[in-house]
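Please open the model in a viewer and follow the stops below in order. Each stop names a selection and then describes what is found there.

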Amino acid sequence: MKIRIIGGGPAGLYFAALMKRENPAHDVVVFERGPRDATWGFGVVFSDRALEFLRADDEPMYQLLMPLMETWPNLTIVHNDTPVPITGNGFASIGRLELLGRLYAHAESLGVSIEFDSEVTSLDDLALAGADLIVGANGAFSWVRNEHETEFGTETDMRPNRFIWYGTSKVFDSLSLTFRETEHGVFCAHHYRYSPIMSTFLVEVTDATWQRAGFARMGEAETIRHCEQVFARELEGQPILSNKSYWRQFPAVTNRQWSFGKVVLMGDALRTAHFSIGSGTRLAMEDAIALWKALRDTDSVPQALVLYRERRLPPMSKILDAASASIRWYERMDELIRLSPVDFAYSYMTRTGRVDHEEVARRDPKLAAAWEHSHPEIFGASY
């Protein structure tokens, strides 16, 4: 097959590697608009069992990446100055550049051609001529999708909260979510280490808080100073670091159709899952596995694209439903902060509807018992 992939992120790179491993005769080229030595980005996080989803299909990739992961078993919710540690919620993280670098090397070792500084901007581009399969894996703002919204049945819902993706040299012990009330509203920091010396530090606020704080009028340095002041206790004197960091709103993207003709979407180009559930990179790599298997298990590209969607949609829909509920929980954080620290942490744990009281009790008996004690009207005086 002649396969052309637009976008050198985890989805595109991993799919390219899987196809080339399957059959070295495949002609696989990845077009990446950025340079090989791009320096954008901090860390990405995986929830639950990190890369366990890889083991059955690609043990070598699992063994390549897992030693690079920073892992921890617990989560911490900080309600103003009160930390609520929660057990039974494991996470792992890796630097975005570290991940991409390993995927570049892995794909190229198999014979995949990666053309950096190469921006394909049309499906009519000569670079795509004669391709049996064209993969749009070029991110949440994919032109492949945006220019063919009718064919894909694209729906994009720009959520109102604002967020900015920073890093810091302060190294945190666990994935932590710090919610702090200010005169302008609640600020939330999503922070976790992704290397022995660096952490991601993502700041999120409601649109009303963003407006009241005056961020629209602030430059980069003033914005960083403001966030450093809000989270001075957490940062302990370490600086917030910017790397092309800017305020954004989350685009909740879905597509009724995943392909048309010989063009198919993967990763964030196909759908976006809010960063609060820690599944974006995992979903991208699972998309790659699903499309590779569909091509392996069928006799033609059209059949494979139908099978890809049939198999992938059910598990993906569950994650998207959870992500949608999580987004809306964060949009209510100015209201929810009025809860007690225990009730707030419990609300966070149950926010998606996938974790009920029984599951909270299984993961963290102390949190469940504390919540039961504060709600005798539900559990009775014995609690």
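Two strands are said to pair if DSSP finds at least two bridges between them; helices (H or I, at least four residues) and strands (E, at least two) are DSSP runs, numbered from the N terminus. This is a predicted model, in which local features need pLDDT of at least 70 and side-chain atom pairs count only at pLDDT 80 or more, while totals for chains, interfaces and linings use all residues. Residues are numbered from 1 along each chain as its sequence is written, and side-chain values use heavy atoms, with hydrogens and water left out.

**The whole chain.** Display the C-alpha atoms: along the principal axes they fill a box of roughly 70 × 50 × 40 Å. The chain holds 15 helices and 17 strands.

Select the six strands of the open, mixed sheet, ordered S8-S2-S1-S9-S17-S16. Its edges are S8 (113–115) and S16 (259–260), each of which pairs on one side only. Within the sheet, S1 (residues 2–6) runs parallel to its partner S9 (residues 133–136) over four bridges, and Ile-6 stands opposite Gly-136 in S9.

**H9 against H10.** Keep H10 and select H9 (residues 280–297): their axes come within 8 Å and cross at roughly 145 degrees. Axes are lines fitted to C-alpha atoms, for helices over the stretch in contact, and angles run from 0 to 180 degrees between N-to-C directions. The crossing is right-handed (the near helix is turned clockwise from the far one by less than a right angle; anticlockwise gives left-handed). Among the contact residues are Leu-283 and Glu-286 in H9 and Arg-311 and Met-316 in H10.

**H1 against H3.** Finally, select H1 (residues 10–22) and H3 (residues 96–109), which pack at about 25 degrees with axes 9 Å apart. H1 is therefore roughly parallel to H3, a term for angles under 35 degrees. Their crossing is left-handed. Pro-10, Leu-13 and Ala-17 of H1 make the contact with residues of H3 including Leu-99, Tyr-104 and His-106.

Conventions. Angles under 35 degrees count as roughly parallel, over 145 as roughly antiparallel, 65 to 115 as roughly perpendicular and the rest as oblique. Contact means heavy atoms within 4.5 Å.
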